[in-house]
Amino acid sequence: MNDYDLLVVGSANADLVIEVERRPGAGETVLGSDLAVHPGGKGANQAVAAARLGARTVLLARVGDDAHGRLLLDSQRAAGVDTVGVLVGGAPTGVALITVDPSGDNSIVVSPGANGRLTPQDVRTAASLFQAARVVSTQLEIPLETVVEVVRNLTPDSRFVLNPSPPRPLPGEVLAACDPLIVNEHEARVILGDACVSDRPEDWARLLLAKGPRSVVVTLGARGALVASSAGVGRVPPVRVDAVDTTGAGDAFTAALAYRLGTGAPLPEAAQYAARVGAVAVTRRGAQESFPTATEVEEL
């Protein structure tokens with residue numbers, strides 16, 4: 001039996017959030033709300049989201065020996081995440097600068113900080129966590145060479161989930177391990193590059209699948225999602241809610257999907273559940289504080 005349902009390898013940031021009437025253009029200054037500081041980072045977000053749903057979760061990440069690092073450790077422990085894999089020191093904690101407009105859409109700039117010091121050696125040193133985990137999930141807010149090392153340390157029985165955000169070209173070794181590769185529309189276009197010869201998300205899903213992943217999920221925001229595998233391409237219908245803030249919604253989706261896959265759910269079923277989790281998250285402000293419990297998802 002696995003000790004963990006999910007091992008998340010990834011980033012941990014302090015989110016510095018300002019609400020604005022509209023996001024500034026080049027060379028423009030706009031006034032916003034008071035600054036709010038929240039625990040965030042795609043890796044830390046995924047770990048909290050999964051733990052809130054009841055997953056036995058462990059995080060492998062690096063934070064600075066500073067107030068932001070302590071904030072992140074406290075938030076992980078409060079959610080029930082095992083922080084045995086969180087390394088401290090080497091650089092200041094990563095920071096994300098986030099602006100949120102009245103529609104709930106956001107723009108984010110990330111200063112990686114300690115996230116950029118999470119090394120392949122750190123992954124190798126944490127081999128026992130990989131052996132204990134049913135599913136391993138990661139993102140691209142940590143060095144790509146560290147993500148490659150994650151793939152090389154997977155056990156034969158584990159499942160690998162990748163959200164390539166921020167997007168960049170991926171080596172074949174990483175693509176071949178993805179089951180699934182989870183992308184939004186922007187990420188799909190970047191990863192496909194010149195191969196993106198269509199405006200239809202269904203075609204993107206097929207083209208991405210041809211690059212080597214075992215399965216692909218394309219999230220489409222208010223239009224739901226697509227699931228692609230050797231069985232074909234299927235649509236996950238949207239969950240209608242009034243969005244307040246989309247910050248962290250993609251992380252909640254990925255964490256929920258990874259967790260459900262680990263319980264043995266088929267990919268389409270796991271994606272439908274993940275869509276409901278993401279829908280609850282966008283009705284609340286912030287990232288980690290917006291993530292629902294399993295009971296709240298059932299009530300939706």
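The model is predicted: local features need pLDDT of at least 70, side-chain atom pairs count only at pLDDT 80 or more, and totals for chains, interfaces and linings use all residues. Residues are numbered from 1 along each chain as its sequence is written, and side-chain values use heavy atoms, with hydrogens and water left out.

Start with the whole chain. The protein chain has 11 helices and 13 strands. These are DSSP runs numbered from the N terminus: helices are H or I with at least four residues, strands are E with at least two. The C-alpha atoms fill a box of roughly 50 × 45 × 40 Å along the principal axes. For 300 residues, a compact globule would have a radius of gyration near 19 Å; the protein chain has 18 Å, which agrees. That radius is taken over C-alpha atoms, and the globule rule is 2.2 Å times the number of residues to the power 0.38.

Now the sheets. Strands of a sheet pair through backbone hydrogen bonds, either parallel or antiparallel. Here, two strands pair if DSSP finds at least two bridges between them.

Angles run from 0 to 180 degrees between N-to-C directions, and axes are lines fitted to C-alpha atoms, for helices over the stretch in contact. Inside this sheet, strand 9 (residues 159-163) and strand 10 (residues 178-183) run parallel, joined by two bridges. F160 has C178 in strand 10 as its bridge partner.

Contact means heavy atoms within 4.5 Å.

Another open sheet has four strands, in the order 3-2-6-7, again with mixed pairing. Strand 3 (36-40) and strand 7 (106-111) stand at its edges with a single partner strand each, so one side of each is left without a neighbour in the sheet. The twist here averages 25° from one strand to the next. Strand 2 (residues 13-19) and strand 6 (residues 94-100) run parallel and share seven bridges. V17 stands opposite I98 in strand 6. Helix 2 lies across strand 2, strand 3 and strand 6, at about 55° to strand 3.

Helix 1 (residues 42-52) and helix 2 (residues 67-79) pack at about 20°, with axes 9 Å apart. The two are therefore roughly parallel. Angles under 35 degrees count as roughly parallel, over 145 as roughly antiparallel, 65 to 115 as roughly perpendicular and the rest as oblique. The crossing of helix 1 and helix 2 is left-handed: the near helix is turned anticlockwise from the far one by less than a right angle, whereas clockwise would be right-handed. A44, A47, V48, A51 and R52 of helix 1 meet L72, S75, Q76 and A79 of helix 2. By class, this contact has six nonpolar, two polar and one charged residues. Ala, Val, Leu, Ile, Met, Phe, Trp, Tyr, Cys and Pro count as nonpolar, Asp, Glu, Lys and Arg as charged, and the others, Gly among them, as polar.

Helix 7 has a helix partner too. Helix 7 and helix 8 (residues 201-210) pack at about 45°, with their axes 10 Å apart. They are therefore oblique to each other, and their crossing is left-handed. E185, A188, R189, I191 and L192 of helix 7 meet W204, L207 and L208 of helix 8. This contact has six nonpolar, no polar and two charged residues.

Helix 9 (residues 249-262) and helix 10 (residues 267-281) cross at roughly 145°, their axes coming within 8 Å. Their crossing is right-handed. Among the contact residues are F253 and L257 of helix 9 and Y273 and V277 of helix 10. The contact has 14 nonpolar, one polar and two charged residues.

Finally, the backbone. Most peptide bonds are trans. A cis bond joins S165 and P166, with omega about -5°. P166 lies in the loop between strand 9 and helix 6 (172-177). The bond from D179 to P180 is also cis, with omega near 15°, and P180 is found in strand 10.
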